Amino acid sequence: MTAPIPRDIPDLPAIPGMPAPLPSYVPATAVVPPARRPLAAVFRLLIALVAITGVMIELLHGGPTTMLGHFTIQSGILLTLVMIASAGRAWTARHPLPGGLTGAVLLYVLIAAGVHHALLTNDTALLTLMGERAPTTAPPAPWQTLADHTLHTVIPLAALLDWLLLSPPGRLHLRQAVAWLLYPLAYLAFSLARGALLEPGTPARYLYPFLDVDQHGYRDVLGNALLLGLCCYALAVLLVALDHARPNPIRRRGKT
């Protein structure tokens, strides 16, 4: 006859030498599946449509060979692709794109907008950066004004609002800020190499006046690039800090 099984089993002592399990972090997305967000999808599709419209206006009237070399056009195309992909994920209830990717594209469109408004349309700031008098230019055509406002004002503000109001926070990291600058650095190398390969006197040999080696020399151009690079890095750090300070705008179903 066997002994009865006790109702309460006493606590067993810990086995010597066995480390205690460390607490692990489980993201909310691993527990609660993402919900469909049709309004976010529609808004992102509108951003993509407006962005590609502005890009097409520039390409048709300015020439694709020249305009595709502009940082604004390249960042506008990148934003269009990212917004289309993000809209598809929001519509089908899939996980959002990596924060490093969306943060990088947002940074690039903000850089293009900042350079346009602070330097290219601001004679005082351009004179300070270039160290000389800027040439007088003719008023832009109406189509160019429309495309400029679309790509340098409407699209950056819309992308910023989408990031602030329709994307989860806390996904950016400071180490990503350095990696994001690889593309502007590659663009600087491309711009200088393009200008060196083209014949002197070629129209739009250097696409931006502060990168014109013929007018300012390599020393001043690299100095301008370094100053702009520091500003871009500061903007990237600001985005990372803001990403960790802002509240979560996404409301799960049942938590309203």
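**Close-up 1. Aromatic pairs across the structure.** A search of the whole predicted model finds seven aromatic pairs. One of them joins F71 and Y108. F71 counts as buried because its relative accessibility is 8%, under the 20% cut-off. Y108 is buried too, with a relative accessible area of 8%.

**Close-up 2. The pair of Y208 and F210.** Here the rings of Y208 and F210 are stacked. Centre to centre, the distance is 5.6 Å. The angle between the planes is 25°. Y208 is buried, at 7% relative accessible area. F210 also counts as buried, with a relative accessibility of 4%.

**Close-up 3. One aromatic cluster.** F71, Y108, Y183, Y187, F190, Y208 and F210 form a single aromatic cluster.

**Close-up 4. Arginine R36 over W91.** R36 lies over the face of W91. The distance to the ring centre is 4.7 Å.

**Close-up 5. Arginine R246 over W163.** The ring of W163 has the charged end of R246 over it. That charged end of R246 sits 4.4 Å from the centre of the W163 ring.

Key:
Residues numbered from 1 in each chain as written. Predicted model: local features only at pLDDT ≥ 70, side-chain atom pairs only at ≥ 80, totals over all residues. Heavy atoms only, no water. Phe/Tyr/Trp six-rings, centres within 6.5 Å; stacked < 30°, edge-to-face > 60°. Buried < 20%, exposed > 50% of the residue type's maximum accessible area, 1.4 Å probe, protein only. Lys NZ or Arg CZ within 6 Å of the ring centre and 35° of its normal.
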